[in-house]
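Colleague: I'm new to this one. Please pick a single part, look at it closely and walk me through what you find.

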Amino acid sequence: DATEAFLVASRALVDVAARSLTEVDDVTLAQFRALVVLSRCEAVTIGELADSLAVQPSTATRLCDRLERKRLVRRFPGASTDRRETALRLTTQGRRLVERVTARRRRDIAAITASMSPRDRLRAINGLASFSRAAGELPPIDPFGWAGAK
């Protein structure tokens, strides 16, 4: 059954995600999710971050308080005329953390997929791409501009 197969696969992917954070001091999975959202844009408001994470703005504010204390994000006035609006950006340290954790995940996933037959790997790629679109996941982007780099 498809639901069961995706549940099992999601457990494996959650395990990969959790392992990728073991080398990172004091950053939770929720905090890392916020850093990933911030890595996709130049600047994000607290409200936009809350929407992306499906949490209340007050929860996003507390999350950002912790990330700011860790020097992973920086707040600055938003672009609108509303002086209460606050925008967020990753710091260099925050961007490096996202890069390092993502590289670890990429390495672990590559090792897993290398053990699959080419035929099964292609089927998995197609199935996961379809699942991601159905779930409304954004297509992969290159937040660091390295796709064209040699």
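Modeller: Contact here means heavy atoms within 4.5 Å. By that rule, Arg 33, Ala 34 and Val 37 in H2 touch Leu 49, Ser 52 and Leu 53 in H3, where helices are DSSP runs (H or I, at least four residues; strands are E, at least two) numbered from the N terminus. Before going on: this is a predicted model, with local features needing pLDDT of at least 70 and side-chain atom pairs pLDDT 80 or more, while totals for chains, interfaces and linings use all residues. Residues are numbered from 1 along each chain, and side-chain values use heavy atoms, leaving out hydrogens and water.

So let's look at H3, residues 46-53. Its Ile 46, Leu 49, Ala 50 and Leu 53 are buried (under 20% relative accessible area; 1.4 Å probe, protein chains only). Looking down the H3 axis, these buried residues sit within an arc of 100°, so they line one face of the helix; the arc uses directions from the axis to the C-beta atoms. What covers them includes helices H2 (29-39) and H4 (57-69), plus strands E1 (44-45), E2 (73-77) and E3 (86-90).

Back to H2: its axis lies 10 Å from that of H3, at an angle of about 120° (lines fitted to C-alpha atoms over the stretch in contact, angles 0 to 180 degrees between N-to-C directions).

Definitions and conventions
Buried < 20%, exposed > 50% of the residue type's maximum accessible area, 1.4 Å probe, protein only.
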